[in-house]
Amino acid sequence: MPKDQTEAIVLRTFNVGDQDKIAVFFSRDRGILKGIAKGARKFGNRFGSCLEPSSHINVYFYEKENKDLVTVSNCDLLESFFDIQSHLETAFTLRYFSELIENSLPARSEEDTLFRLLLKILRALKQRKELVFLTAYFELWFLKINGFFPDLKKCKKCRKNIGKTGWLSVKRDGVLCSRCGSTEREKITSEEISVYSWILKNPPASEKKYPFSIEQIQNARKVLKNLIVFHIERRPRFPDDLKKHFNT
Ligand SMILES: [Zn+2]
């Protein structure tokens, strides 16, 4: 059994048996990797804090042919994101990002882009950047990297610029202008388009203060959430839903 190694972020872990853990890793060069860490729940085990959610690590493992589950032999902690998990809304949001990554990983060549995105977002969260803004940031780039973010400036039917207001049409993979579209769809305004343009041009932890209100970002997220539900073909556990559930 040859020993292998990769750089990864821990997406989630769950307990198996009396002493072991299974971890789902997002690795930089091979996508999703599931591994069993034997003895990981024993006191003073060799994995230390490597297997906490969102830990950025180097993981060493053995791979058996025809087996989905690798055996984790060891790991080095590169950067911990344990502290930000104590904030409930942040923990919900990271679980949501993990769900999107685990269930709809893009082609192998794009994994590195998504990996770097997640790492940048985690670091921005550590710097206490606004959670709603970072959620929109992740959602937009997640769609973009996967090729799911359409051109929102031109009408899909008549090809004219949509002007101040357009209507999202997920099935047509774009927007319709007011002449061609219907009011039953999700509205897209020039204000939302400027939020998307800003996100696509600036890093998540930019020193520049973003020129939008929380309300404008939440409005811009409506279109992003619609696109996500359409493309991953189900409704993920949006942190917004969990928050509502928690408050009742
Ligand atoms: Zn049109």
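**Notebook: domains, zinc site, rings and backbone**

I counted the domain contacts first: 17 residues of domain 1 are in contact with 16 residues of domain 2, where contact means heavy atoms within 4.5 Å. I am working on a predicted model, in which local features need pLDDT of at least 70, side-chain atom pairs count only at pLDDT 80 or more, and totals for chains, interfaces and linings use all residues. Residues are numbered from 1 along each chain as its sequence is written, and side-chain values use heavy atoms, with hydrogens and water left out.

**Domains.** I noted the bounds as 3-79 for domain 1 and 86-247 for domain 2; such bounds come from an automatic or database domain assignment. Between the C-alpha centres of the two domains I have 30 Å.

**H56.** I placed H56 in strand β4, residues 56-62. Strands (E, at least two residues) and helices (H or I, at least four) are DSSP runs numbered from the N terminus. H56 has a relative accessible area of 5%, so I list it as buried. My cut-offs are under 20% for buried, over 50% for exposed and in between for partly exposed, with a 1.4 Å probe and protein chains only. Leaving aside neighbours within four places in sequence, I find H56 in contact with residues including E7, I9, D76, F81, F115 and R123.

**Zinc site.** Which residues are the protein donors of the zinc ion? I list C155, C158, C177 and C180, each through SG, at 2.3 to 2.4 Å from the ion. Donors are N, O and S atoms within 2.8 Å of the metal (3.2 Å for Na, K and Ca); water is not among the atoms, so sites may look incomplete. In sequence I read the spacing of the donor residues as C-x2-C-x18-C-x2-C. For reference, the ideal angle for four tetrahedral donors is 109.5 degrees. I also checked accessibility: C155 is buried at 0%, whereas C158 is partly exposed at 30%.

**Rings.** I have 11 aromatic pairs in the structure. Rings of Phe, Tyr and Trp (its six-membered ring) pair if their centres lie within 6.5 Å; planes under 30 degrees apart count as stacked, over 60 as edge-to-face and the rest as tilted. For W198 and F212, I have centres 6.2 Å apart and planes at 90 degrees, so I log the pair as edge-to-face. W198 is in helix α4 (190-201) and F212 in the loop between α4 and α5 (214-232), so this pair ties together parts 14 residues apart in sequence. I find both W198 and F212 buried. I logged one aromatic cluster formed by Y96, F97, F138, F142 and F238.

F238 came up again, with K225 over its face at 4.8 Å from the ring centre. I count a charge as over a ring if NZ of Lys or CZ of Arg is within 6 Å of the ring centre and within 35 degrees of the ring normal. K209 lies over the face of Y210, also with 4.8 Å to the ring centre.

**Positive phi.** Most residues other than glycine have a negative phi. I noted S54, not a glycine, with a positive phi near 75 degrees. S54 sits in the loop between β3 (31-37) and β4 and is buried, at 7%. R159 likewise has a positive phi, about 65 degrees. I found R159 in the loop between α3 (131-145) and β6 (165-169), partly exposed at 46%.
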